[in-house]
Amino acid sequence: MNRVLLVAEHLDGKLNASVAKCVSCAASIPDAEIAIAVLAADGSAVAAEAARISGVARVLHVRNPANEPALAAVLAPQLANLADGYSHVFGSSTTFGKDLMPRVAALLGAPQISDVMAVESATRFKRPVYAGNAIATVEAPAGRQLVATVRVASYQAAPAGDPAPVETPVVDATLPTHTRFVSVSGARSDRPDLQTAARVVSGGRALGSKENFAVIQRLADRLGAAIGASRAAVDAGFAPNELQVGQTGKIIAPELYLAIGISGAIQHLTGIKDARTIVAINKDAEAPIFEVADYGLVGDLFTLIPEIEKQL
Amino acid sequence: MRRILVALKRAIDFNVRVRVRPDGKGVVTDGVKMSTNPFDEIALEEALRIRERGGADEVVAISIGPDEAQQQLRNALAMGADRAILVRTDQAIEPPAIARLLLAFVERESPMLVILGKQAIDDDSNQTGQMLAALWQRPQATFASKLELTDSVARVTREVDAGLETIEVDLPAVVTTDLRLNEPRYIKLPDIMKAKKKPLDVTDLESLGVETASQLRIVSLESPPQRKKGVMVKDAAELVAALRQKGLI
């Protein structure tokens, strides 16, 4: 029996959409029994939501005011404590998981495999390296604890199922006070979330300014799509950092991805290679984005986007 | 002495289009340009700026890697690091062991800050800084895009999925860098000459008595499946029609 402990990311009383995708990854480990750890200030709603994911055997709900806002240094010792008896400790490859899981691994003295994209066996996994230019098959030692993060774009969300029991274990861990949350800023909007949206419209350097980036927003609104941006557009200040798609930004797998005015640097392509359909609009017919696009359209985006909107 | 330790990794240059070797045992490295991992260069630049503002007295660059990593450390000295340390090894060392090795130097050097890249662009692990912080039992501020220091506290803005998060950590602490923290300076020729006189200590990994055996085994490497090039459409109407036909809009 492989016992998998999954760390639940959550915010404002809602479970992050990546958790159900991590469950799918964990469920592909042979003979896996999956538990989800919910560490929260209250977290009752989150724990109930986690318990309804199909394939989850139990939820470990740990209540502590210190758990929100989430800080890796505070969560890690609690998770290391909860992980006792589990063969695998998984988190998602979101910034939350990337920050937290290596700290847990170090406390457990366990190795970590980052960005798992396929499970070959309980000890053998595939992960991208070199910005996705190579896929490594990695073997972890048998009979030892393993920590991993899951590349969520590689997995479909597990469906809802019958609720699993929620347990409230007592965690014996000393929590540090050396790390303190100050603030978080980010545009909260009614738009779909970039990481889980079915459609994404992304803008690149060719937008030319923050003001011009509004054409991307308008098209996204028309399509009910999330907004993304290339690194060049973020670096230039056209779009905020949380919209960056690519190797060091978000790795996404929408049904439809529109790359507008994006040349297609390898780091950007790494972030979209699991998209079902890629559309590229660029005035440079030689742009590398056309090499991966299912549909390419050469021309000036400021002319073409209004024409597309007219057709919708 | 207020000291900043910066960890640098020698990695394949970010402009190189990496290819998997036909035998699947690694990637092509013959004749391939090697550079300092770009995130680590940002880490060094940040340390230098702190020192130049009077926030630190000394910047020490450390690398764990082959003899050739001396080139990257000489570059670090030319950028402005005060001294450099190479822990020489030809093995590929995994993040937990790198963290243990760095901890040995942290204990020796007592830095107020350790700054490293959030990930190396070869194995893309994104683990070492967090692991070092855990072993050192000190704070971590990962994916930093802004760093402000007072005597005992660092205020760090982090690039997170939700946007920008600001946290405060007591010093000493570990900081890992994101892309927008700064833009590293270019090295000028006179700096390269000056760097030749700066100390670069070379220590063999074995002499440190740190357990560094690999725990993970790379079974094989393969090229990723390539997306097929699609079709070019002639105008907006044709594009919208095609997407409609596939039920995408």
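A residue is called buried if 20 or more other C-beta atoms, placed from the backbone, lie within 10 Å of its own, exposed if 12 or fewer do, and partly exposed in between. By that count P184(B), with 17 C-beta neighbours inside 10 Å, is partly exposed, whereas M131(B), with 28 other C-beta atoms within 10 Å, is buried. The structure is a predicted model, in which local features need pLDDT of at least 70 and side-chain atom pairs count only at pLDDT 80 or more, while totals for chains, interfaces and linings use all residues. Residues are numbered from 1 along each chain as its sequence is written, and chains are lettered from A, with ligands numbered from 1, in the order in which they are written.

The label of each element follows DSSP runs numbered from the N terminus, helices being H or I of at least four residues and strands E of at least two.

Two strands are said to pair if DSSP finds at least two bridges between them. Strand β13 (residues 179-185) of chain A runs antiparallel to β9(B), and six bridges join them; within this pairing, R180(A) has E168(B) as its bridge partner. A further link is found in an open sheet of six strands, ordered β15(A)-β14(A)-β16(A)-β17(A)-β18(A)-β13(B), with parallel pairing. Because β15 (226-229) of chain A and β13 of chain B stand at the edges, each with a single partner strand, one side of each is left without a neighbour in the sheet. Within the sheet, β17 (residues 277-282) and β18 (residues 295-298) of chain A are joined by four bridges. Here V279(A) stands opposite Y295(A), and N282(A) stands opposite V298(A). Strand β18(A) in turn pairs in the parallel sense with β13 (residues 231-232) of chain B over two bridges, where Y295(A) stands opposite V231(B).

Helices come next. The axes, lines fitted to C-alpha atoms over the stretch in contact, of α9 (residues 301-311) of chain A and α6(B) come within 9 Å and cross at roughly 50°. Such angles run from 0 to 180 degrees between N-to-C directions. Angles under 35 degrees count as roughly parallel, over 145 as roughly antiparallel, 65 to 115 as roughly perpendicular and the rest as oblique, and α9(A) and α6(B) are therefore oblique to each other. Their crossing is right-handed, the term for a near helix turned clockwise from the far one by less than a right angle, with left-handed used if the turn is anticlockwise. The contact is made by L304(A), E307(A), I308(A) and Q311(A) of α9(A) with A236(B), A237(B), L239(B) and V240(B) of α6(B). By class, these comprise six nonpolar, one polar and one charged residues.

Within chain A, the axes of α5 (residues 214-223) and α9(A) come within 11 Å and cross at roughly 20°, so the two helices are roughly parallel. This crossing is left-handed. Residues V215(A), L219(A) and R222(A) of α5(A) make the contact with F302(A), I305(A), I308(A) and E309(A) of α9(A).

M131(B) lies in helix α4 of chain B. Leaving aside neighbours within four places in sequence, M131(B) is in contact with P102(A), A105(A) and A106(A) of chain A, and with P95(B), P96(B) and A99(B) of chain B. P184(B) sits in the loop between β10 (173-177) and α5 (189-195) of chain B. Although P184(B) and I42(B) are 142 residues apart in sequence, their C-alpha atoms are 5.6 Å apart in space. With neighbours within four places in sequence again left aside, P184(B) is in contact with E41(B), I42(B) and E45(B).

How values were computed
Contact = placed C-beta atoms within 7 Å. Nonpolar A, V, L, I, M, F, W, Y, C, P; charged D, E, K, R; others polar.
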